[in-house]
Amino acid sequence: MTVGIAVSGEGEQYNGRMTVFLILSCIMAAMGGVIFGYDSGISGGVTSMEPFLRKFFPDVYSKMKNDENISNYCKFDSQLLTLFTSSLYIAGLVASFFASSVTRVFGRKPSILIGGASFLTGAVLGGAALNIYMLIIGRVLLGIGVGFTNQSVPLYLSEMAPSRYRGAINIGFQLSIGVGVISASVINFGTEKIQGNLGWRISLSMALVPALILTTGAFFLPETPNSLIQSASNHCKAVLMLQKVRGVTDVQDELESLIKANAISKTIKHPFKKILERKYRPQLVMAIVIPFFQQITGINVIGFYAPIVFRTIGFGESASLMSVVIIGLIGTCGTLISMLTVDKFGRRGLFMIGGVQMLITQMLIGGIMAAQVGDQNAVSNGYACLILVLICIYEAGFAWSWGPLGWLVPSEIFPLEIRSAGQSIAVAMNFLSTFVIAQTFLTMLCHLKSGIFFFFGGWVAIMTVFVYLFLPETKNLPMEQMFEIWTEHWFWKKIVGENDDEKNELYVA
């Protein structure tokens with residue numbers, strides 16, 4: 001049995017090159033990743049700050065300070081505390097479906113603008129919060145913001161990019177997430193030393209900066225050629241935009257492919273119903289499975305609760321926050337490696353290498369914590385530092401595999417007629433998985449203790465095998481020709497093979 005992809009060649013390559021206009025447009029759009037990363041990084045640090053806990057979560061603070069009999073693993077077990085973190089993701093889940101209609105009907109640019117404005121409002125409310133209700137409402141507005149931007153930004157980047165550079169440009173979204181996480185971690189490290197409630201207020205309020213840049217910049221963003229063709233019968237603007245983005249005047253081949261894709265798209269009135277058809281089964285499965293797997297890697301242990309985990313193994317508050325800064329830098333370097341290699345070595349190879357790397361490190365971390373971290377004892381400095389090193393290696397594996405590719409692959413595999421619906425499903429699944437894990441992690445940590453790393457490691461093994469068996473390679477293939485990979489895959493051709501005749505006539509004319 002042949003496993004993986006058996007597509008001959010890499011599809012037709014259209015004219016075009018990297019232009020300054022393209023790079024600047026994608027950098028501005030990728031600010032949507034910065035706001036997402038900043039929030040992910042800031043929430044974990046803020047929830048470990050004692051003034052923040054005293055004001056909003058006094059029960060957690062009391063357990064941490066006064067209850068000497070409680071297990072190290074259970075000090076932060078609070079559903080209200082996890083709701084602070086996870087409420088953003090349930091709001092983002094709901095918002096992503098509204099974002100699908102906005103993205104499809106009005107374009108990618110308005111969706112990015114709405115996301116930036118909502119996040120901006122949520123940042124103001126969170127920084128000024130006087131009670132838990134203001135705090136949660138602010139989180140919901142932040143969630144609406146990332147719901148819109150996470151739905152539209154990966155699509156924007158994939159559609160603007162030339163096919164041979166699509167992987168690297170799309171991974172700019174994950175790189176921006178890493179920049180946001182590092183910024184948040186550095187700010188948390190500084191504000192933690194401020195006495196009283198001013199420290200956490202500064203941390204939450206500083207989300208205003210990337211949100212303001214994104215909201216302002218969205219007004220000046222060009223719309224993607226795909227969206228211009230999809231929303232207007234006159235293709236003159238699309239031709240001019242293609243020429244400007246690609247840096248060449250001869251864009252006829254790519255234009256014809258986009259027009260043909262749009263012709264199919266116009267016949268689809270209910271994309272969420274259409275995506276359930278048999279011929280779209282592979283894309284639907286990937287839109288559900290890949291975001292779920294991305295979150296079940298256990299990355300949320302690092303992203304949300306790393307300071308809490310480090311407090312659990314004996315680090316002080318400042319040391320915990322500095323450790324997160326180090327992890328963020330490692331993750332960003334890993335994402336840069338992914339950007340440089342993804343279009344050369346492909347998606348499947350990075351997925352599997354990163355999966356093996358994460359699996360090994362998680363097994364080692366779980367074993368060390370099982371042997372060294374008891375219910376009350378503080379682990380030695382040597383073992384604490386070893387755990388930190390292993391977490392850094394784990395973070396690097398995620399950063400060049402499931403982190404960026406979990407956003408890249410779903411954004412590039414859908415045909416235009418169901419692209420916004422498919423991306424919404426992928427984003428919603430990502431947020432749903434994140435919500436469930438964020439809401440249950442501290443309770444799982446309390447009950448499973450060190451076994452939580454074996455739990456996530458088992459899932460990493462499953463997802464690595466899944467990629468090997470069922471994910472075909474998508475590198476360098478134009479999005480309008482992506483249907484070919486399913487008709488030539490050993491498994492998916494049994495499902496979609498008999499349904500592709502009509503689509504072949506439309507695309508291969």
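The points below go from the overall picture to individual residues.

1. Ground rules. This is a predicted model, so to speak of a local feature we need pLDDT of at least 70, side-chain atom pairs count only at pLDDT 80 or more, and totals for chains, interfaces and linings use all residues. Residues are numbered from 1 along each chain as its sequence is written, and side-chain values use heavy atoms, with hydrogens and water left out.

2. Overall make-up. You're looking at 26 helices and zero strands (DSSP runs, H or I of at least four residues for helices and E of at least two for strands, numbered from the N terminus). Of the 509 residues, 61% are buried (buried is under 20% relative accessible area, exposed is over 50%, partly exposed is in between, with a 1.4 Å probe and protein chains only). The protein exposes about 18400 Å², with carbon and sulfur atoms supplying 67% of that (Shrake-Rupley method, 1.4 Å probe; for residues, only the protein chains shown count as cover).

3. Contacts along the chain. Take the contacts between residues at least 6 apart in sequence: 84% of them join residues at least 24 apart. Contact here means heavy atoms within 4.5 Å.

4. Aromatic pairs. There are 23 of them (ring centres of Phe, Tyr or Trp, the last by its six-membered ring, within 6.5 Å; planes under 30 degrees apart are stacked, over 60 edge-to-face, the rest tilted). Phe52 and Phe56 form a tilted pair, because their planes are at 50°, with the centres 5.2 Å apart. Both sit in helix α3 (residues 50–56), four residues apart, or about one turn of the helix, and both are buried.

5. A pair between helices. Phe292 and Trp459 have ring centres 5.3 Å apart and planes at 85°, so this one is edge-to-face. Phe292 belongs to helix α15 (residues 281–296) and Trp459 to helix α23, so the pair ties together parts 167 residues apart in sequence. Phe292 is partly exposed at 25% relative accessibility, and Trp459 is partly exposed at 26%. Both belong to a cluster linked by ring pairs, whose members include Phe351, Trp402, Phe466 and Trp490.

6. Charges over rings. The charged end of Lys55 sits over the ring of Phe56, 5.7 Å from its centre, and Lys193 lies over the face of Phe189, 4.4 Å from the ring centre. The criterion is NZ of Lys or CZ of Arg within 6 Å of the ring centre and within 35 degrees of the ring normal.

7. Gly145. You'll find this glycine in helix α7 (residues 132–160), buried at 0% relative accessible area. Leaving out neighbours within four places in sequence, Gly145 is in contact with Gly115, Ser118 and Phe119.

8. The loop between α23 (451–470) and α24 (484–487). Thr474 lies here and counts as buried at 1% relative accessibility. Its side chain makes a polar contact of 3.3 Å with that of Arg347 (a pair of N or O atoms within 3.5 Å; within protein, one must be able to donate a hydrogen and the other to accept it, and residues adjacent in sequence count only if both atoms are side-chain atoms). Residues touching Thr474, beyond four places away in sequence, also include Arg166, Glu412 and Met482.

9. Asn476. This residue is in that loop too and is buried, at 9% relative accessible area. Most residues other than glycine have a negative phi.
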